[in-house]
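Subject: Structure handover

Hi,

Here is the structure for you to look at. My notes follow below it.

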Amino acid sequence: MNNFNLEKFLKENGYFIDNNWYPRVTAICQVKNKPGLYKFYGEAESFKEANIKKTKAANEGTIVHEIIESFITRREIIVPPEYIGIKKAFEDFLKEHNFFSHRDWIEKKIKHPSHRYAGTFDILGEVDGNFSLIDIKTSAKVYEDYRLQTAAYLFALNEEPWMRDKNGRKIILPRVIEKRYILRLVQKRICQKCGSIVYLRSMGDRIIEKDKSCRHDWGEIEGEFELKEFDNPDNDFKAFLHCKGLWEWDNREILEAIGYL
């Protein structure tokens with residue numbers, strides 16, 4: 001642990017809540033093997049370029065969350081032209097599903113009191129009559145790894161069904177969380193000649209071509225959403241706890257030194 005930056009470790013891997021430090025769910029889940037991530041880095045021109053794309057994706061996620069928050073809080077915002085498809089995708093979701101949320105149920109830090117981890121969920125809300133946890137993604141598809149993250153949030157919230165806002169005000173949940181979803185929002189253009197699709201992302205567009213010889217005539221930006229429910233939360237939570245155990249083993253010297261273990 002010579003020359004080890006403890007402050008950096010604590011900041012990058014967890015949160016302080018009520019003066020106690022808890023490891024973060026997303027940091028714990030990094031311990032799991034991610035072939036897709038390795039493929040992403042392997043196909044990049046350089047490590048630097050890959051990290052630039054990851055930063056762009058993170059910035060994109062921030063803007064997407066702001067757009068959704070504006071719907072929930074009824075706050076008017078100017079949606080950048082390059083994100084109009086995300087707005088359309090969420091509007092399509094609202095047309096097909098009965099959804100209600102509240103400004104108090106958006107992006108709050110939570111913790112599990114006995115398993116001692118923390119995280120920040122995206123949204124809680126009523127989806128077709130069920131009080132649900134909703135995680136927003138703009139990824140190319142819904143990955144199985146998302147099960148671990150959402151299970152961790154679900155069990156933390158149902159174990160300790162309250163959280164605090166930035167001012168310390170306690171927010172009590174109306175009832176237990178019944179379901180968990182990934183709401184994937186993407187934007188695309190469709191070729192008016194052959195029907196090929198280009199999915200628009202700040203980290204790089206993805207084209208699904210139906211006719212490689214076509215000189216594509218891309219149409220207007222459209223939205224697309226996918227609402228994916230995850231079943232078997234108990235199994236997923238067990239898997240998350242296994243990841244937590246391995247993460248703690250990997251970092252045991254540091255965690256023992258700070259008194260977490």
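Is glutamate 126 buried or exposed? Glutamate 126 is buried, at a relative accessible area of 18%. Bear in mind that this is a predicted model.

Its partner is arginine 175: the two form a salt bridge, with the closest N and O atoms 2.9 Å apart. Arginine 175 sits in the loop between strands S9 and S10, and glutamate 126 in strand S6, so the pair ties together parts 49 residues apart in sequence. Arginine 175 is partly exposed, at 32%.

The salt bridge count comes to 19. Another one joins glutamate 160 and lysine 111, at 3.1 Å between the closest N and O atoms. Here both ends are buried: glutamate 160 at 13%, lysine 111 at 11%.

Arginine 147 in helix H6 pairs with aspartate 231 in the loop between strand S13 and H7, so parts 84 residues apart in sequence are tied together. The closest N and O atoms of this salt bridge are 3.1 Å apart. Arginine 147 is buried at 15%; aspartate 231 is partly exposed at 44%.

Now the helices. The axes of H6 and H7 come within 8 Å and cross at roughly 100°, so the two are roughly perpendicular. Their contact has 10 nonpolar, no polar and three charged residues. Among those that meet are Leu148 and Phe155 in H6, and Phe237 and Phe240 in H7.

Last, histidine 65 in helix H4. Histidine 65 is buried at 18%. Its side chain makes a polar contact of 3.1 Å with that of aspartate 122.

Best wishes

Notes: Residues are numbered from 1 along each chain as its sequence is written. This is a predicted model: local features need pLDDT of at least 70, side-chain atom pairs count only at pLDDT 80 or more; totals for chains, interfaces and linings use all residues. Side-chain values use heavy atoms; hydrogens and water are left out. Helices (H or I, at least four residues) and strands (E, at least two) are DSSP runs, numbered from the N terminus. Buried means under 20% relative accessible area, exposed over 50%, partly exposed in between (1.4 Å probe, protein chains only). A polar contact is a pair of N or O atoms within 3.5 Å; within protein, one must be able to donate a hydrogen and the other to accept it, and residues adjacent in sequence count only if both atoms are side-chain atoms. Axes are lines fitted to C-alpha atoms, for helices over the stretch in contact, and angles run from 0 to 180 degrees between N-to-C directions. Angles under 35 degrees count as roughly parallel, over 145 as roughly antiparallel, 65 to 115 as roughly perpendicular and the rest as oblique. Contact means heavy atoms within 4.5 Å. Ala, Val, Leu, Ile, Met, Phe, Trp, Tyr, Cys and Pro count as nonpolar, Asp, Glu, Lys and Arg as charged, and the others, Gly among them, as polar. A salt bridge is a side-chain nitrogen of Lys or Arg within 4 Å of a carboxyl oxygen of Asp or Glu.
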